[in-house]
Amino acid sequence: MTKTATQRVDEVIAREGGYSNHPADRGGPTNFGITEQVARAYGFRGDMRVLPRATAVEIYLKRYWSGPGFDRVAQRDAAIAAELFDAGVNMGPAWAGKFLQRALNLLNNEAKAYPDIAVDGGVGAMTLASLDGYLRQRNSGEGRAVLLWLIRSFRTGRYAEIAEANRTQEVFLYGWIARQVREAA
């Protein structure tokens with residue numbers, strides 16, 4: 001059964017929990033996994049401790065699902081869209097889009113299967129056309145798994161880069177990787 005966007009948001013909120021203000025979290029005060037900066041950008045002006053759940057859901061759907069185009073990826077492959085959504089929530093939708101674009105460029109047989117695309121993080125018409133081209137060429141369980149594995153590999157590498165660049169982020173590294181392992185199982 002394919003999960004709806006709202007079901008995916010519910011899972012993220014359950015995992016992220018309620019209010020948090022971890023001293024090492026660069027996002028500062030968060031509630032339901034929504035940082036104060038993001039909440040403010042979407043018009044919430046109150047104390048983060050009282051961010052309404054409905055506001056968090058709306059932000060997730062706009063900023064992390066439909067805004068970056070992951071809803072259109074889901075029309076093609078639900079698992080890839082779910083990976084992009086989860087990565088986008090954790091490190092920003094542009095990073096997730098870049099992971100997909102890099103993977104598609106590397107898997108296009110030197111641009112013989114479909115053209116290379118810009119790695120700009122925006123999942124627009126060109127990225128979707130490349131994804132369509134990839135899926136035409138490799139529309140098997142293995143082909144989809146290879147693309148997903150490469151996206152996860154880029155994601156894992158980014159987590160390592162974050163922790164290496166700022167040692168205070170090492171406290172989160174195990175959890176970031178463990179979540180990917182659980183999802184892949």
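**Salt bridges in the predicted model**

A total of 17 salt bridges was counted, a salt bridge being a side-chain nitrogen of Lys or Arg within 4 Å of a carboxyl oxygen of Asp or Glu. The structure is a predicted model, in which local features need pLDDT of at least 70, side-chain atom pairs count only at pLDDT 80 or more, and totals for chains, interfaces and linings use all residues. Residues are numbered from 1 along each chain as its sequence is written, and side-chain values use heavy atoms, with hydrogens and water left out.

One of the salt bridges joins Glu 183 to Arg 15, with an N to O distance of 3.9 Å. Glu 183 belongs to helix 9 (residues 170-184) and Arg 15 to helix 1 (residues 5-16), so this pair ties together parts 168 residues apart in sequence. Helices are DSSP runs (H or I, at least four residues), numbered from the N terminus. Glu 183 is partly exposed at 32% relative accessibility, and Arg 15 is partly exposed at 33%. Here buried means under 20% relative accessible area, exposed over 50%, and partly exposed in between (1.4 Å probe, protein chains only).

A salt bridge also links Arg 144 and Asp 77, at 2.4 Å from N to O. Arg 144 lies in helix 8 (residues 141-165) and Asp 77 in the loop between helix 4 (70-74) and helix 5 (78-91), so parts 67 residues apart in sequence are tied together. Arg 144 is partly exposed, with a relative accessible area of 22%, whereas Asp 77 is buried at 7%.

Within helix 8, Glu 161 and Arg 158 are three residues apart, about one turn of the helix. Their closest N and O atoms are 3.5 Å apart, forming a salt bridge.

Note on methods:
Helices (H or I, at least four residues) and strands (E, at least two) are DSSP runs, numbered from the N terminus.
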